[in-house]
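Visitor: Hi, could you walk me through this one while I have it open on my screen?
Guide: Happy to, let's bring it up.

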Amino acid sequence: MFKVRITDAEQDITCSDSQTLLDAALRQGTRIPYACKGGGCGMCKIAIEAGEFERGASSKEVLPDEERRMNYTLACKTYPRSDMMVRIQIG
Ligand code: FES
């Protein structure tokens with residue numbers, strides 16, 4: 001179980017390595033916008049500020065390479081691999 005600090009919400013959640021950041025956040029009362037939960041809409045896009053993670057497959061239309069390099073990710077397709085710090089508001 002990893003600790004994930006949501007910096008702009010000033011909340012800490014826990015997330016297992018088999019749980020997405022979105023599911024963990026929603027279960028623990030942190031609001032992240034979402035619609036599809038399948039990597040297709042882009043509404044759950046967040047910024048990784050620190051930590052290791054693994055991304056599931058998602059469309060490059062929704063998360064282009066440039067945004068991947070900027071450490072943006074889709075919360076519904078991201079699994080922690082260490083304690084992390086993330087930001088919900090991007091841009
Ligand atoms: S909820 Fe649609 S991409 Fe994550």
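Predicted model: local features only at pLDDT ≥ 70, side-chain atom pairs only at ≥ 80, totals over all residues.

Visitor: Good to know. What order do the strands of the sheet come in?
Guide: The order is E2-E1-E7-E3-E5, five strands in an open sheet with mixed pairing.

Visitor: Which strands stand at the edges?
Guide: Those are E2 (11–15) and E5 (72–74). Each has a single partner strand, so one side of each has no neighbour in the sheet.

Visitor: And how much are neighbouring strands turned against each other?
Guide: On average by 40°, ignoring direction.

Visitor: Found them. What about E3, which way does it pair with E5?
Guide: Antiparallel, over three bridges, with E3 spanning residues 45–50. There, Lys45 faces Leu74 of E5. E3 also pairs with E7 (residues 84–87), again through three bridges in the antiparallel sense. On that side, Ala50 has Met85 in E7 as its bridge partner.

Visitor: Okay, switching to the core. Which residues touch the most other members?
Guide: In the largest nonpolar core, which has 17 residues, they are Val4, Leu21, Leu22, Ala25, Cys44 and Ala75. The elements giving two or more residues to this core are E1, E2, E7 and helix H1 (21–27).

Visitor: Which of them gives the largest share?
Guide: H1, with four residues.

Visitor: I'm curious about Ala75. What does it touch?
Guide: Leaving out residues up to four places away in sequence, Ala75 touches Thr20, Leu21, Leu22, Ala25, Ile32, Cys44 and Ile46.

Visitor: Nice. Now Cys41, where is that one?
Guide: Cys41 is in the loop between H1 and E3.

Visitor: Is Cys41 buried, exposed or partly exposed, and why?
Guide: Cys41 is partly exposed, because 17 other C-beta atoms lie within 10 Å.

Visitor: What is Cys41 in contact with, sequence neighbours aside?
Guide: Beyond four places in sequence, Cys41 contacts Ala35, Cys36 and Val62. Val62 is 21 residues from Cys41 in sequence, yet their C-alpha atoms are 6.6 Å apart.

Visitor: Great, thanks for the tour!

Note on methods
Residues numbered from 1 in each chain as written. Pairing = 2+ DSSP bridges. Axes fitted to C-alpha atoms, helices over the stretch in contact; angles between N-to-C directions. Core = buried A, V, L, I, M, F, W, Y, C linked by C-beta atoms within 7 Å. Buried ≥ 20, exposed ≤ 12 C-beta atoms within 10 Å, placed from the backbone. Contact = placed C-beta atoms within 7 Å.
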